[in-house]
Amino acid sequence: PQPTVRSDKGRVTATLPTGDSVEVLTYGATVISWKSGSGQENLWVSEAAKLDGSKPVRGGIPVVFPCFGPPPKDHATGKLPQHGFARNSQWEFLGKSSSESGASSSKADDSVTLDFGLSTAQLSEEAKKAWPFDFGLVYSVTLGKGRLQTMLNVRNEGKTSFEFQMLLHSYFRVEDISRTETRGLGSVTYVDKVLNATEHQQTDPNVRITGEVDRVYKSIKIDTTSIVEGGQPRLDITRDNLEDTVLWNPWIEKAKGMGDFEPKDGYKKMLCVEVGAVEGWQKLEPGDTFEGGQIVKSHV
Ligand code: TA6
């Protein structure tokens, strides 16, 4: 049997013969569900998340481009909203490509790739005015057995170079944050946005979340960051051509402060591990492309 793909009213879903499934909104090309063959949901989406395009989705995997966080006022992205325009633009579903695995296409490790496109022509007038550069994005979402790969390809279609940041703002689901550890960040330098953006070094190889955490780990040597629950491996997040990873949990007060964050104690069931290129800027010359993304493996 082959993977099945359905596209209807701005939602694209793919299911493998193994039961693994993924659901993507063309709004923001936001992955809002990724289930392993066991039926286990691996992403967290707020019960109050807007899925109608009225605001970026609170959960799943929002695509952050061309700037991460509030853009510097003196930068070309300075007039864009926090985290840029990609996550709140209407992308186009470009279709699927099934990578036949080897000779026999019936092998259970068949995967399916869903491609989404966003270019200057599809931007709102205000976004075009705020960031007047010709670009093309192709976001490829590949569903495999126990695996989700999401890659962003950025192309400079214009005549002048531009600078950008990119990040995949993944909200991963955990059973209980108090039994969760994040590994692979040992001795990495990070900027702690809860401590006035001061720079620190990660001493403990296992990061536990016991309060609000908002850290930008930079130039990480080990390419995989793992979420471990109750001592058991849960999710392995491997960066592809990206060097930074943001760790974020809003905890009690910040969860209370977000109108679209429900239930309010949902911070106990989620952890953002966000791979990106957010330290400084990537410069892209006319005609050049940049590609970066993540391969996430689920152990459940
Ligand atoms: O990725 C962490 C972060 O930059 C936090 O500082 C917080 O602002 C979070 O993103 C959510 O941002 P949003 O614009 O989606 O509310």
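The largest pocket has a volume of about 330 Å³, a volume being the space filled by probe spheres set on grid points joined across faces, edges and corners. A pocket here is an open set of points on a 1 Å grid over the protein atoms alone, where a 1.4 Å probe fits, with protein on both sides within 12 Å along at least five of seven lines; lining residues have an atom within 4 Å of a point. The model is predicted, so local features need pLDDT of at least 70 and side-chain atom pairs count only at pLDDT 80 or more, while totals for chains, interfaces and linings use all residues. Residues are numbered from 1 along each chain as its sequence is written, and side-chain values use heavy atoms, with hydrogens and water left out.

The lining comprises 18 residues, of which Gln82, His83, His169, Asp214 and Trp248 are the closest to the pocket centre. Strand β19 (244-249) and helix α2 are the elements that give two or more residues to this lining. Helices (H or I, at least four residues) and strands (E, at least two) are DSSP runs, numbered from the N terminus.

### Annotated positions

An unreviewed UniProt entry lists Arg58, Gln82 and Arg87 under "binding site"; such annotations may be inferred rather than shown by experiment. The three positions are spread over 30 residues of sequence, yet they cluster in space, with a largest C-alpha distance of 13.8 Å. Arg58, Gln82 and Arg87 are each part of the lining of the largest pocket.

| Residue | Relative accessible area | Class |
|---|---|---|
| Arg58 | 16% | buried |
| Gln82 | 41% | partly exposed |
| His83 | 7% | buried |

Arg58 lies in the loop between β4 (30-35) and β5 (63-64). Beyond its neighbours within four places in sequence, Arg58 is in contact (heavy atoms within 4.5 Å) with residues including Trp44, Tyr171, Trp248 and Asp260. The side chains of Arg58 and Tyr171 are joined by a polar contact of 3.0 Å; the term denotes a pair of N or O atoms within 3.5 Å, in which, within protein, one must be able to donate a hydrogen and the other to accept it, and residues adjacent in sequence count only if both atoms are side-chain atoms.

Gln82 is placed in the loop between β5 and β6 (92-99). With neighbours within four places in sequence left aside, Gln82 contacts Gly69, Pro70, Pro71 and Arg87. His83 lies in the loop between β5 and β6, and its side chain reaches the backbone nitrogen of Gly69 at 2.8 Å. Among the residues that His83 touches, not counting those up to four places away in sequence, are Phe65, Cys67 and His169.

### Aromatic pairs

The whole structure holds 19 aromatic pairs. Rings of Phe, Tyr and Trp (its six-membered ring) pair if their centres lie within 6.5 Å; planes under 30 degrees apart count as stacked, over 60 as edge-to-face and the rest as tilted. Phe85 and Phe135 form a tilted pair, 5.4 Å centre to centre with 35° between the planes. This pair links distant parts of the chain, 50 residues apart: Phe85 in the loop between β5 and β6, and Phe135 in strand β8 (residues 135-144). Phe85 and Phe135 are both buried. One aromatic cluster is formed by Phe65, Phe85, Trp131, Phe133, Phe135, Phe162, Phe164 and Phe290.

Key:
Buried < 20%, exposed > 50% of the residue type's maximum accessible area, 1.4 Å probe, protein only.
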